[in-house]
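Open the model in your viewer and keep the selection panel at hand. The tour moves from one site to the next.

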Amino acid sequence: MPELLRVDGLSAGYGEAVVLQDVAFSLDEGETLALLGRNGTGKTTLINTLAGATRQHAGTLTLAGAALHKLAPHQRAAAGIGWVPQERNIFKSLTVHENLAAVARPGKWTPDGVYAMFPRLAERKGNLGTQLSGGEQQMLAVARALVLNPRLLLLDEPLEGLAPIIVEELLRAIRRITRDEGLSAIIVEQHPQAILAISDRAVVLDRGTVVHRGSATELRADQALLDRLLGVAR
Amino acid sequence: MPDHVLTCERLVKRFGGITATDDVTLRLERGARHALIGPNGAGKTTLVNLLTGVLEPTSGRIALEGEDISKLAPHKRVHRGLVRTFQINQLFPSMTPLQTLALVIAQQRRQGARFWQPLGRDEEVVMRASQLLEQFRLAEVKDVPTEHLAYGKRRLLEIAIALACEPRVLLLDEPVAGVPAGEREDILQTVAALPADVSVLLIEHDMDLVFSFARRMTVLVNGAVLTEGTPDEIAADPRVREVYLGHGEEAHA
Amino acid sequence: MNPQRSLLAASRWRWWEPLLWIAAFAAPFVLPRHAAIVNEIAITALFALSLDLILGFTGIVSLGHAAFFGFGAYAAALLAKHFIGDPLVGLAVAVAGSTVLGAIFSLTIQRGTDLTRLMVTLGAALILLELANKLDWLTGGADGLQGVTIAPLLGRFEFDLAGKTAACYSLAVLLVAFLLLRRLVRSPFGATLMAIRDNRLRAMAIGIPVASRLSAAYTIAAGLAGAAGALLAQTTGFASLDVFAFDRSADTLLILVVGGTGWLYGGVLGAVVFKLLQDLLSSITPQYWTFWLGLFLVVLVLVGRDRLLKPWTWVKGKKSATSGRSHA
Amino acid sequence: QQAPFKIGLILPMTGQQATTGRQIEAAAKLWMAQNGDTVAGRKIELIVKDDTSLPDVTRRLAQELVVNEKVDVLAGMGITPSAMATAPIATQSKTPLVVMAAATSSITEASPFIVRTSFTLPQVSVALADWAPRNGIKNVVTLVTDYGPGLDAEKFFKSRFEFNGGKVPESLRVPLRNPDFAPFLQKVRDLKPDALFVFVPSGAGAAVMKQFGERGMDKAGIKLIATGDVTDDDQLNDMGDVALGVVSSHHYSAAHPSAANKKFVEAFQKANKAMRPNFMAVGGYDGMRVIYEALKKTGGKGGGQALVDAMKGQIFESPRGPVFIDAQTRDIVQNVYLRKVEKKDGQLWNAEFDVIKDVKDPGKSK
Amino acid sequence: MLTILFDGIAYGMLLFILALGLAVTMGLMNFINLAHGAFAMVGGYITVLLMQKAGVPFLLCLPLAFLGSALLGGVLERTLYRPLYRKPHLDQVLFSIGLTFMAVAAVDYFVGSTQQILHLPDWLRGRTELGEGAWTLGMGHYRLFIIAVCAALTIVLQAVLTRTRFGARLRASVDDQRVAAGLGINVNVVFLSTFAFGSGLAGLGGALGAEVLGLDPAFPLKYMIYFLIVVAVGGTSSITGPLCAALLLGIADVAGKYYIPKMGAFIVYTLMIVILVWRPQGLFVRQGGKA
Ligand SMILES: Nc1ncnc2c1ncn2[C@@H]1O[C@H](COP(=O)(O)OP(=O)(O)OP(=O)(O)O)[C@@H](O)[C@H]1O
Ligand SMILES: Nc1ncnc2c1ncn2[C@@H]1O[C@H](COP(=O)(O)OP(=O)(O)OP(=O)(O)O)[C@@H](O)[C@H]1O
Ligand SMILES: [Mg+2]
Ligand SMILES: [Mg+2]
């Protein structure tokens with residue numbers, strides 16, 4: 001598979017504060033990457049930097065051979081980035097349908113297509129963003145990223161607040177999308193096991209730097225290493 | 001006869017065409033550790049909003065300690081010990097955790113109308129606030145305005161506020177969402193360790209936590225109560241598996 | 001820091017505060033030429049201070065605060081004209097009157113967005129203005145209420161032409177109001193107001209009676225605004241319809257925002273800056289001074305109030321979180 | 001070398017009354033340019049202040065001028081409340097206050113140091129109420145702005161007109177802030193009087209006339225009669241043909257046919273980018289004359305009481321015609337002219353066609 | 001009767017046209033732009049000066065007024081307004097009032113403080129009367145013209161906002177600039193074009209309103225209250241809300257002043273307070289029913 005994303009020497013932060021330092025990794029087309037790490041180590045910052053929502057201090061980002069870091073945020077969506085922010089950030093004065101329609105780009109995924117995936121959203125089509133339950137907002141955030149028809153999905157804790165059965169379905173769907181449609185995804189999660197099970201690669205961050213890079217299956221198998229990397233004392 | 005602290009009877013809430021709460025009858029025993037689960041959009045948050053008076057029910061009745069509180073203003077329900085947390089943080093951005101907790105405690109002790117002495121003059125208020133700060137690992141950020149806190153800390157403050165209200169009945173709406181796995185148990189430990197006569201209703205999608213915490217569970221689907229029972233009964237119920245729990249193992253990691 | 005000390009830190013006096021007040025009271029004597037404008041600044045500052053209580057600390061925006069200012073002014077003027085000229089009695093009556101009015105009007109500001117509050121308060125003030133215009137047998141209508149003679153302050157100090165007595169009187173009332181509010185906003189009561197401002201939903205959920213707190217804050221603010229109005233009427237011996245005017249409410253809002261809301265000194269600082277600037281500019285170019293005032297406001301916002309008005313923050317950086325909250 | 005003689009001129013220079021200030025300031029400066037800035041050996045110094053039409057500011061400015069600048073005379077006063085608020089300062093400090101614009105009748109009673117060189121609304125309204133019945137107008141609806149001067153105009157017009165045998169079936173009052181005159185004019189139209197009497201502050205006049213025309217009131221046989229504020233010289237030219245034929249009564253028209261006025265208008269227009277002087281300007285111009293003459297009379301000594309005494313009883317030929325400062329009321333006595341808007345050399349003018357001589361302020365006779 | 005109704009509608013439409021730009025910048029963009037009146041004034045002066053000095057026909061002046069103020073709005077948006085979207089509302093108030101003060105003084109300096117008077121072409125000046133007696137309907141041509149322009153604008157605008165994605169993209173950008181940009185919306189362009197459009201509408205309103213309201217440098221301050229009332233009562237989430245509010249207020253004001261002239265000034269304010277206390281979000285709120 002050809003390489004889709006390459007991150008090199010990336011550092012980023014908020015104002016003066018540097019959060020990410022010299023982060024590097026790469027991802028092939030159709031692959032899923034699990035991004036793990038303790039609270040506050042910069043996972044969200046990394047995702048947001050890829051989406052163009054956080055200021056990048058140094059480094060290069062290459063998406064399918066093109067220099068992603070030179071693009072303005074709104075151009076990155078066109079280049080193939082689909083972003084699910086951690087706090088969901090549903091547009092609150094738009095209806096569910098408008099939330100999708102406002103950002104949709106031509107391609108395989110249409111609003112109707114994602115309604116089939118999340119029937120709950122179809123039922124709530126006319127509700128305003130503020131009138132959704134927490135889980136519904138989460139579904140909408142994922143759906144909204146899909147209708148961008150991206151090549152790379154950035155999912156920041158997409159399972160938070162979802163019912164177990166939906167989690168199961170969503171994980172299956174992500175697997176299907178990446179396997180069958182050649183999409184790539186970067187997923188941040190608090191529950192490493194669930195995510196590693198469907199990932200190809202894993203990157204672990206600690207205090208803004210990459211402390212582990214490797215195969216997801218291997219990491220999943222090595223519980224001791226995982227615990228050490230994530231600082232879980234058991 | 002069981003001693004019911006909070007009951008709601010035939011509660012209905014409609015938003016336009018949507019029935020978010022559909023004829024719900026729920027009884028919370030004194031000292032209960034009760035979990036409320038159900039698919040997304042089942043109406044769990046709505047139910048909490050109805051119980052605490054944020055929303056007005058379309059019909060139905062709510063009673064606290066046997067007394068009808070359906071028409072009572074939200075803050076008066078708090079005075080009677082009915083306290084909640086919010087699924088999405090509701091904090092006071094410009095105040096520090098210390099100020100926030102001191103305020104909540106002062107208000108809880110009916111000092112909210114005192115205008116002649118500074119907040120913090122009352123030693124007991126300060127003591128209790130410091131205690132909570134320690135307990136929720138907020139002591140080192142006690143003087144940082146809430147708007148500058150990291151998400152995890154804000155989540156902790158959210159729960160600390162509820163406890164500062166000295167609840168008799170505590171309604172927790174996904175209290176540990178966004179809290180790292182390691183700290184989740186700690187928080188629920190704190191809650192579980194509340195005095196035995198405090199009743200707790202927990203809403204949560206993390207089944208490990210729910211099953212370790214709850215002694216009784218209610219399942220809500222499409223606004224209506226599907227079933228109620230002990231954790232074992234619920235876990236074994238095929239209908240619950242069908243609509244909520246699913247079958248896979250990943251979800252329980 | 002020990003929690004109690006850090007809680008009480010907000011209510012502690014800072015070294016510059018007594019100096020500031022001493023300077024204020026010295027002003028009419030050191031600069032007797034400018035006693036009149038000191039008086040005007042003190043009145044404006046008091047008015048802005050009262051607005052700060054509802055805007056800065058409680059989060060109620062108002063474009064109609066002049067309703068209470070005007071009511072206080074007419075109450076004091078009418079009392080002096082028809083009954084007794086003693087200024088302190090007049091002040092007390094005006095404060096009582098506008099407090100009652102504030103309590104009544106507070107019913108209208110309970111719900112709604114900022115915009116609706118702006119408009120409801122504005123409407124109330126304009127209705128009072130029209131009323132005062134229509135009741136010309138009582139208020140003198142658009143010509144204003146003349147023949148107001150104010151007895152000497154405390155029976156001893158005559159209101160002199162240079163305005164020294166007036167300035168001291170207004171400053172004293174300002175100081176009293178300031179001390180009162182200083183206590184109030186740092187008390188548990190004040191903290192509940194700020195909680196409502198920050199997050200009404202949560203405030204309710206911790207048992208704060210939001211509606212009655214809003215009313216209480218609005219009522220107190222109304223009383224203080226009435227005091228400011230009374231001072232104006234007493235120190236000028238005159239009341240006219242413009243005390244209710246939209247411009248007065250709007251100017252005061254500007255003054256408060258210039259100085260910074262939620263800080264108590266914002267109103268004072270804003271009044272000093274705004275009035276002096278206006279006086280200075282309009283004596284340089286009576287026709288086009290509004291241009292320069294406008295430019296000042298634009299620059300103020302673009303550069304940032306903190307950096308422009310509090311240059312010492314350039315060096316110190318932002319240190320304390322309790323002083324100078326710059327937005328509502 | 002004597003100390004300069006200071007005149008504190010407080011006017012609205014910004015805001016909605018700004019034109020008042022501009023006209024008066026220009027006229028005062030013109031007077032000084034024409035008559036030199038030294039009188040009886042004393043240099044005249046003019047200090048202009050903007051009060052933004054806020055009476056408390058007017059008062060404070062007056063206070064400062066008196067205390068700090070030690071001005072010898074206060075002057076200006078764009079609106080009635082400003083004059084009223086300043087009156088006690090004049091009394092207390094014994095400083096003459098020359099009112100150059102504000103027109104409510106009672107102003108001169110507010111202080112024995114007030115002298116007025118503008119006019120009063122009763123003066124001009126009454127003149128119109130005398131003229132109308134003689135010219136076949138028996139039935140008039142009044143329309144005034146709902147504030148002091150408007151009420152004065154309404155009251156005096158109505159009582160004199162009824163005294164003269166006319167009928168006033170309806171008196172309409174328009175709120176001060178009123179963007180649209182349609183409902184009032186429609187009401188008038190439905191009442192079908194012989195004429196509509198209007199007083200609105202200058203500025204709103206054009207709108208009234210336009211909407212009067214637009215509503216076809218003239219075609220329905222209703223005449224428009226007004227006080228001169230409505231056909232303000234300052235704006236008359238811009239109003240265009242809708243103003244043609246409007247009859248108004250006032251004490252000054254830029255078209256007043258006298259040599260003194262011709263000279264005044266020419267000089268004024270030359271000095272002010274062709275701005276036409278209006279009744280405000282003439283009030284300022286004459287106010288300056290009154291001050292100059294009084295100073296001369298006191299031999300350059302000045303002194304509050306002496307100046308006021310010297311102002312009382314002055315008789316002179318103003319650009320508006322002969323005028324007289326009544327020694328008792330300190331108010332101006334002047335001719336009131338009836339004028340009709342006409343076009344001359346492509347410009348619109350208030351051409352005078354009748355005069356009522358030596359009108360005292362009727363407001364004082366109560 | 002009918003005439004009064006007609007006048008009320010025309011007056012309401014005039015209020016609406018003047019407030020429309022504000023409904024766009026304040027309602028849709030959530031920017032408290034009190035300088036709205038200044039843009040309207042600019043449009044008015046463009047029209048008056050072009051007609052007086054250059055003899056440009058009135059109908060041509062209208063689009064020019066729109067373009068002129070839109071251009072000015074666009075330039076200001078790029079240079080001054082942009083950093084302010086994120087600032088607190090009170091700062092926006094301060095800034096835009098400051099700008100208004102400057103505009104007032106500048107116009108005074110360059111054009112003078114006298115009232116400017118617009119001379120309409122003859123075909124807009126007349127009046128048509130229909131029917132007889134109590135049912136007479138008298139329609140001023142200019143008022144008819146205003147109603148027509150206003151109706152056309154409403155339809156176009158409503159179509160743009162509901163038929164195209166622009167409305168949704170705009171509201172999305174207002175709700176959350178950062179995320180909107182991250183999801184592919186060019187926020188800067190959306191804001192720039194909306195602000196310019198809003199300013200243009202203000203200019204057009206000023207051009208159309210100058211005839212009835214008069215035009216002098218104090219214009220932006222004098223009528224600010226009216227713009228605000230319309231937007232507040234109408235609610236800030238649509239175009240139809242302010243339209244209905246303007247019509248309601250216009251008719252109530254005109255009819256009130258006709259039938260009970262003594263109550264003149266009280267009517268609008270009382271009506272406003274009653275409506276806002278009854279429906280604090282304004283008459284029309286976006287409720288998000290069925291899609
Ligand atoms: N807006 C901000 N301004 C300043 N610092 C920030 C901001 N957001 C995050 N930080 C800091 O950056 C660091 C990394 O935060 P980030 O949100 O990327 O962590 P995370 O790994 O996503 O954590 P979590 O698991 O809680 O989501 C933290 O120390 C945090 O305090
Ligand atoms: N104001 C409202 N208007 C219309 N529908 C609403 C409103 N508030 C909630 N709803 C709908 O009511 C249903 C119940 O919502 P609620 O927030 O109670 O769900 P929940 O059980 O808490 O779900 P979750 O687990 O996702 O938080 C949802 O489908 C939601 O879309
Ligand atoms: Mg994160
Ligand atoms: Mg929920």
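Which residues are the protein donors of the magnesium ion (ligand 3)? Select Thr44(A) and Gln86(A): their atoms OG1 and OE1 lie 1.7 to 2.2 Å from the ion. Donors here are N, O and S atoms within 2.8 Å of the metal (3.2 Å for Na, K and Ca), and with water not among the atoms, sites may look incomplete. The pair links distant parts of the chain, 42 residues apart. Thr44(A) sits in helix H1 (residues 43-51) of chain A, and Gln86(A) in the loop between strand S6 (81-84) and helix H3 (96-101). Helices (H or I, at least four residues) and strands (E, at least two) are DSSP runs, numbered from the N terminus.

A word on provenance: this is a predicted model, where local features need pLDDT of at least 70, side-chain atom pairs count only at pLDDT 80 or more, and totals for chains, interfaces and linings use all residues. Residues are numbered from 1 along each chain as its sequence is written, chains are lettered from A and ligands numbered from 1 in the order in which they are written, and side-chain values use heavy atoms, leaving out hydrogens and water.

Color by accessibility. Thr44(A) is partly exposed at 22%, and Gln86(A) is partly exposed at 26%. Buried means under 20% relative accessible area, exposed over 50%, partly exposed in between (1.4 Å probe, protein chains only).

Next, select ligand 1. It is surrounded by 13 residues, the closest being Asn39(A), Gly40(A), Thr44(A), Thr45(A) and Gln86(A); the shell takes residues with a heavy atom within 4 Å. H1(A) gives the most to this shell, with 3 residues.

Now display distances to oxygen atoms of ligand 1. A polar side-chain atom of Thr44(A) lies 2.5 Å from one. For Gln86(A), a polar side-chain atom is at 2.9 Å. Lys43(A) uses a backbone N or O atom, also at 2.9 Å.

Jump to chain B and the magnesium ion (ligand 4). Thr45(B) (OG1) and Gln87(B) (OE1) coordinate this ion at 1.9 to 2.2 Å. Thr45(B) lies in helix H1 (residues 44-52) and Gln87(B) in the loop between strand S6 (82-84) and helix H3 (97-108), so the pair ties together parts 42 residues apart in sequence. Thr45(B) is partly exposed at 24%. Gln87(B) counts as buried at 13%.

Last stop: Ser215(C), in helix H11 (residues 210-236) of chain C. Ser215(C) is buried, at 16%.

Methods:
Polar contact = N/O pair within 3.5 Å; in protein donor to acceptor, adjacent residues only side chain to side chain.
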